[in-house]
Amino acid sequence: MDTFIITGGKPLKGEVTLGGAKNVALKLLVASLLTEEKLVIENVPEIRDVQLMIEVLTSLGVKISRNGSTVSAQNGHTNQSRVPLDIGARLRTSSMVIGPLLARYGEAMIPNPGGCRIGARPIDRHINALRNMGAVINYRSDDGYFYASAPKGLKGISYDFSKNSHTGTETIILAAVLAKGKTIIKGAAEEVEVDELITFLNSMGANVIRSAPQEIVIEGVASLRGAQHRIMPDRNEEVTFAIAAAVTGGRIIVNGSQRQHLSSFLTAFTKAGGIYEEIDPLRTRYSRGADLKAVDIETKPHPGFMTDWQAPWAVLMTQSIGIATIHETVFENRFGYVEELRKMGAQIKWTDPEVNRPETFYNFNWEDHEDGDHHAICIHGPTKLHNAILTMNDLRAGATLVLAALAAEGQSVLHGVEHIDRGYEKIEERLRNLGAIIERHKEETV
Ligand code: EPU
């Protein structure tokens, strides 16, 4: 349990290199269960979620070694198809092993997935699709496990995700590559991370194409082989550094820039008075103009303004002139940072936008909404943020509080650094290189 001590108010300046994309690395590692041959994956970030995934896969018989940012994985499956509760329950993507285990071994036992506490986060859409593919899946509430088997193997199907699911789409792809026949996924997630998984699986010998923006066609094959791949840089990190430059009044060059995958963010950022300059195809310079202006956003699956960016966006809006609304439509509860920003002086109020047919409008299952839940906030800016003692309660909320503390006057103490360690490698080192005053303390030394 570590703590960050941050002294804010200093413009961040310099150059930073993005780490490999967390939401690609996790899925490429899961693919190791699909073959006995070796996978070599480069640019794998050293973050807690990746470490947890390595533990999950090791428990299933995959031999994994790391040399710097290169990870080698070779499956030596030993009839172990049960993900241990203590590891699986800490990582939502641990549930994704269900596809490869069913496709190759006909059996999987996975605990109800854990991970970031950003709402109910069920996996009913994944389970429904796998049942359609011929899997028999029972959930036992006494031990919190899904018991899955596919006695006759998995078969290709046509499946329509009526609501978007990023990892749901990937779970079905990971199952369908070795299923019998053709699978057509409609309503497929469009995130670029899904396409990187497709590219990787095809290099292993799979036959997967995106036939339309929201349609993916998979022809099952008999077996897959080893492959080598370099993971794309993490675009969510780029958004974090862009906002860091703007809220501290600094200038940051991002190396490994993914601006081609950030259109909706860059449009809103520019409208708000943020500046980005293309230095070359892989480098972007972020800064801000004299005044920042309030800009409303509504989160949507890719290519919309992603839910992962709304919490950092809130910090930018605390520094902007006017009233900005943030409407979260993907998760039913992703405002865990609001109370913490208020402690720093942010003027934030709950609001309830008019929505026709919320059960179809929202991407979460409407039955997961509880009376009194709010799905939007209004931020009145600009406010001079001040220091506070803060607690992070999920990954993106953690990054948000770091940004707020960097922008604030005085010294802030941030508890719950393990949340930010899930997805940002050595964040304090990289921020220090940009001039930030940030130290990591062991909880007991504070
Ligand atoms: N949902 C269900 N049932 C399902 C699947 C999803 O109700 O079976 C709900 C979710 O609870 C949520 C919404 O549908 O309200 C969308 O969920 P989705 O399945 O698309 O999200 P995810 O696959 O669990 C991934 C990323 C998230 C990112 C979202 C949206 C990974 C490992 N995680 O989550 O990333 O926010 O897609 O793009 O790829 C993060 O990196 O901090 C993070 C949370």
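Visitor: Is F265 buried or exposed?
Guide: F265 is buried, because its relative accessible area is 0%. The cut-offs are under 20% for buried, over 50% for exposed and partly exposed in between, with a 1.4 Å probe and protein chains only. This is a predicted model, where local features need pLDDT of at least 70, side-chain atom pairs count only at pLDDT 80 or more, and totals for chains, interfaces and linings use all residues. Residues are numbered from 1 along each chain as its sequence is written, and side-chain values use heavy atoms, leaving out hydrogens and water.

Visitor: How many aromatic pairs are there?
Guide: Rings of Phe, Tyr and Trp (its six-membered ring) pair if their centres lie within 6.5 Å; planes under 30 degrees apart are stacked, over 60 edge-to-face, and the rest tilted. The count here is 16 aromatic pairs. One of them joins Y139 and F146: 4.7 Å centre to centre, with 45° between the planes, hence tilted. Y139 is partly exposed at 39% relative accessible area. F146 counts as buried, at 11%.

Visitor: What kind of pair do F265 and W313 make?
Guide: Their ring centres are 6.1 Å apart and their planes stand at 85°, so the pair is edge-to-face. F265 lies in helix α9 (residues 263-271) and W313 in helix α10, so the pair ties together parts 48 residues apart in sequence. Helices here are DSSP runs of H or I, at least four residues, numbered from the N terminus. W313 is also buried, at 0% relative accessibility.

Visitor: How do α10 and α13 cross?
Guide: Two packed helices are described by the angle between their axes and the distance between the axes. The axes of α10 (residues 310-318) and α13 (residues 395-407) come within 8 Å and cross at roughly 20°. Axes are lines fitted to C-alpha atoms over the stretch in contact, with angles from 0 to 180 degrees between N-to-C directions. So α10 and α13 are roughly parallel (under 35 degrees; over 145 is roughly antiparallel, 65 to 115 roughly perpendicular, the rest oblique).

Visitor: Which residues make the contact?
Guide: From α10 come A311, P312 and V315; from α13 come R396, T400, L403 and A404. Contact means heavy atoms within 4.5 Å. These residues divide into five nonpolar, one polar and one charged. Ala, Val, Leu, Ile, Met, Phe, Trp, Tyr, Cys and Pro count as nonpolar, Asp, Glu, Lys and Arg as charged, and the others, Gly among them, as polar.

Note on methods:
Helices (H or I, at least four residues) and strands (E, at least two) are DSSP runs, numbered from the N terminus.
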